[in-house]
Amino acid sequence: MNIIMLGAPGAGKGTQARVLVEQRGMKQLSTGDMLRAARTSGTEMGNKVAAVMDAGQLVTDDIVIGLIAEQLDGPHTGGFIFDGFPRTLAQADALEALLAAKGQQIDAVIELRVNDEALVDRITGRYTCGACGEVYHDRTKPTKVEGVCDECGSSNLKRRADDNEDSLRQRLMEYYKKTSPLIGYYYAKGKLRVVDGLQAMGAVKAAVAKAITD
Ligand code: AMP
């Protein structure tokens, strides 16, 4: 089974993708994580996209489609969760073609719906563990011991360079202009399932699980 997690920045795509990895042995493919890794390791592509990412704009379709194509070539059989990809109609078409070439398809698109005010609050308080990827929030989910990850004990807690209000405003603009048309695109294909992303964590998890099996 292959699933797309769709939603504005801060809607909870990465968090829910991680739940599915744990519950169903699926593989999370986050283009945001891949691009951040490319920046950290100082690859030519990473350096090229750094300023674009910090400004909250989308990097070009050919770069992210290339990253995804590389990952789909691997031997994984448990199904993929696409997190933060596709973000444009061109990316959606490319994904369909890449999967079709392997005799596969997208089975469900989960839209995590959250209002803009909640997004600002979620994004500006967010930090993650650089070692295991666990996501925290200053107010709603701080670590039990300050500066130490509850899950793996690492003290490598990080805030993203683009998790500030200016960059978020631009990311939201990009989302509404370029990504939100995908909601209609997948609705028309009969694949869209909408989940209220503002519910308590347990309720969102349950709704995502139900949306996948429906
Ligand atoms: P994310 O971690 O998904 O919020 O992505 C962080 C940033 O990486 C975005 O603001 C974009 O600059 C870039 N990015 C991630 N995925 C894509 C994509 N599918 N298409 C274009 N840019 C992307």
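How close do the axes of helix α2 and helix α4 come, and at what angle do they cross? The views below, all taken from a predicted model, begin with that pair.

**View 1. Helix α2 crosses helix α4.** The axes of α2 (residues 31-40) and α4 (residues 61-72) come within 10 Å and cross at roughly 100°. Angles of 65 to 115 degrees count as roughly perpendicular, so α2 and α4 are roughly perpendicular to each other. To find the contact, look for Thr 31, Met 34 and Leu 35 on α2, and for Ile 63, Val 64, Leu 67, Ile 68 and Gln 71 on α4. Sorted by class, this contact has 6 nonpolar and 2 polar residues, with no charged ones.

View 2. Is Val 64 buried or exposed? Its relative accessibility is 5%, and buried means under 20%, so Val 64 counts as buried. Setting aside neighbours within four places in sequence, Val 64 is in contact with Thr 31, Leu 35, Val 59, Phe 85 and Gln 91. If you go looking for Val 148, you will find its C-alpha atom 32 Å from that of Val 64; the two residues are 84 apart along the chain.

**View 3. The two sides of helix α8.** In α8 (residues 181-188), the buried residues are Leu 182, Ile 183, Tyr 185 and Tyr 186. Looking down the axis of α8, you would see them fall within an arc of 165°, so they line one face of the helix. Tyr 187 and Ala 188, on the other side of α8, are exposed. What do the buried residues of α8 pack against? Their partners are β1, α5 (89-100), β4, α7 (165-179) and β8. After α8 comes Gly 190, with a positive phi near 75°.

**View 4. Helix α9, its length and its buried side.** With 13 residues (201-213) at 1.5 Å a residue, α9 should span 18 Å, and its end C-alpha atoms are 19 Å apart, which agrees. Which residues of α9 are buried? They are Val 204, Val 208, Ala 211 and Ile 212. These residues cover an arc of only 95° around the axis, so they sit on the same side of α9. Lys 210 and Thr 213 are exposed on the other side of α9. The elements covering the buried residues of α9 include β1 (3-6), α1 (13-24), β4 (108-113) and β8 (192-196).

Methods:
Residues numbered from 1 in each chain as written. Predicted model: local features only at pLDDT ≥ 70, side-chain atom pairs only at ≥ 80, totals over all residues. Heavy atoms only, no water. Helix = DSSP H or I, 4+ residues; strand = E, 2+ residues; numbered from the N terminus. Expected span 1.5 Å × (residues − 1). Buried < 20%, exposed > 50% of the residue type's maximum accessible area, 1.4 Å probe, protein only. Arc of directions from axis to C-beta. Contact = heavy atoms within 4.5 Å. Axes fitted to C-alpha atoms, helices over the stretch in contact; angles between N-to-C directions. Parallel < 35°, antiparallel > 145°, perpendicular 65-115°, else oblique. Nonpolar A, V, L, I, M, F, W, Y, C, P; charged D, E, K, R; others polar.
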